[in-house]
Amino acid sequence: MTEQEIVLRAKGGDQDAFAELVTAHQDRIYTLCLRMTGNREDAQDAAQEAFLNAWRGLASFQGGSSFSTWLYRLASNACIDLLRRRKRRQEGEAPHSLDDEEAGWPEPAAPGGGPEEELEQKERRQALERELRALPDHQREILVMREVSGLSYQEIGELLSLDLGTVKSRLARARLALKKRLLENGNFFTQSASKPSEETKRR
Amino acid sequence: MLSCEEALEQMSQALDSPLTGEEQGELEAHLACCPACRADWAALRELHQAMGELEETPVPEGFADRVMERVREDARPAKVVPLWRRPQWKAAAGLAACAVICVGLYYGADRLGLGASGNVAAVPDLAQWSEESAGSGEAPVAGAASAAGTDEDPVQSKTTEPPETADGTETASAPQSGAANGENPSKVAGVPRAALVRGENAAGEAPEPALADGEAGGAALYSVQPEETELLLTALPEGAAELLPALDQWELDGQGRSFCAVSAQTLEALCGALEAADIPFQRPEQPWSETCRVILAE
C-alpha cells in the first residue's frame, strides 16, 4: 500500500492507518522539533501536537503537497507556537543549556575512515549541533525549517508570516550568524574559511 | 556592483535554488574582488552540506502510543453523559448516603444505650453539605463515612477518630449496607469534589487529596478529583462565548466560584482559544474525563 492509500484510509477515520503514518514519520518530525526547540521535552510536546493536529486536520488535507511536507508545516507551526510561549514564560531565555547527551542529540555514526577522522567528524557535528542550539530562536527556527525540513521560501513565509524578501534576508543572516559562532567556538571549518581578521571590512 | 550584504543574500539563496544568469554574473563579479565574501561563500557551502548530513534522532519510546492515545480520545464521539454519572447526581447520591449513614448511626448509638446528644454532637452538620459538595462538604462526608466505616464499633470510631479524608476513601467503602444507592460509595462519599484548593477538615488539618480506586490525582494542584477534569481560569478568551454557556447560566461551587460543565472536546477547543489569546493557563493533565469542568476564579 502506498502512503497515499494509507493517508486516504486515515482520512476516512481509520486509526490504524494513522498509526502507520505516525510510526513512518515520527523520527523525522521529532528530529525537526528537536532542532527547532533545542530540548527533548519541548520536542516531544511539539511533535505530539503536530501529529494530533494532523489527525484533526486530515479532513482538509487535499494531497496537494506531499503528506510529509504538510506534516513538516504542522510540526514547524507547533514549534513556533511553543517557542513563542516559552519566550513569554522565560523572558526570552532558552531553557538551561544541556550538554549534547542530555539534549538527546544523537551520537553521530562513524563515517568510516580512521579513528582520527571519526573523532574529527564527531567533533564537527557536535559543534554544529551545539551552535545551532545556541542561536536565537528566530534564527534557529528559520534555519531548521529550510535546512532540516526542506520547506520552501514560500512555505516558510506563510508559516512565519513573512514576505519572501524577509525570508531570504533572515535566512542569510541566520547562516552568517551560525558561521560566526562556529568560527569562534569550534573546530568546524576545515577549509580556510574567513578568518576574523578578514571580517574587519564592510557590512 | 553588489554590496556585501546583497552578495550574502544571493549566496544564501543560491544554496536553496539556482540563481538566474544575471544574478549569477553579479555575484561572481563581486566575489572576484571581495576575499571576505569569497571566504564566506566557502564557509556557507560547507555549513549547508553539514546541515544536510545531520542525522535523525529516534523518538523516545512509547511516543506513537501516546499520540494514538490522544487520537483515540479525540475521536471519541461526544456522548450524553449518563444521568448517574453527572456530578450533581453524584453529589446528591453522596448526600443521600451520608444521610442514611448518619441516621443509622443515630439509631445504632441509641440502641447501644448512649445518650443521643453525645452521638449527634459528633455527627457533622449536614447543612454544610451543598449540592456541589465542594470544599467544606469534604469533611462532613468523610467524617460520617469514616465514622461508620469500622462496622464493629461505630460509636467508638466516631468519637475517637478525627475525620480524615485520606481514610475516608478506604473506610467509606465498608458501609455497603448503609449506602442505599447502587454506586460504589467510596467513589461518592470518600471522594467529594475536592476542588482545586485543599479544604480543611474539622480537625483543622489539610486533608490528603482524595483518591478513588487507587487512581492518582494527576496534576494534583488542578485536578484532584479523577472523575472530572478541571480547568481553572482567571479570564475567558475571545471565542469563549461560542464554546461556553453564558456566564449568568454558570453555577456556583461551594467556594463561590462560577463553573460550568463542558465536554472534553470543548475543553480542548477552549485551550486552543486560550493559547491563541495569549492567556496563561495550566492545561490539565491527560487523560481527560468525558465531562470536564471550567471554573472561573476571582
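Does S161(A) count as buried or exposed, and at what relative accessibility?

1. This is a predicted model, in which local features need pLDDT of at least 70, side-chain atom pairs count only at pLDDT 80 or more, and totals for chains, interfaces and linings use all residues. Residues are numbered from 1 along each chain as its sequence is written, chains are lettered from A and ligands numbered from 1 in the order in which they are written, and side-chain values use heavy atoms, leaving out hydrogens and water.

2. S161(A) counts as exposed, at 65% relative accessibility (buried is under 20% relative accessible area, exposed over 50%, partly exposed in between, with a 1.4 Å probe and protein chains only). The residue lies in the loop between helix 7 and helix 8 (164–185) of chain A (helices are DSSP runs of H or I, at least four residues, and strands runs of E, at least two, numbered from the N terminus). S161(A) is not a glycine, yet its phi is positive, about 55 degrees.

3. In chain A, the axes of helix 6 (residues 137–147) and helix 7 (residues 153–160) come within 10 Å and cross at roughly 145 degrees (axes are lines fitted to C-alpha atoms, for helices over the stretch in contact, with angles from 0 to 180 degrees between N-to-C directions). E141(A), I142(A), M145(A) and R146(A) of helix 6 meet Y153(A), I156(A), L159(A) and L160(A) of helix 7 (contact means heavy atoms within 4.5 Å).

4. Chain B has an open sheet of 4 strands in the order 1-4-3-2, with mixed pairing (two strands pair if DSSP finds at least two bridges between them). Strand 3 (residues 258–263) and strand 4 (residues 291–296) of chain B run antiparallel, joined by 6 bridges; V262(B) has C292(B) as its bridge partner in strand 4.
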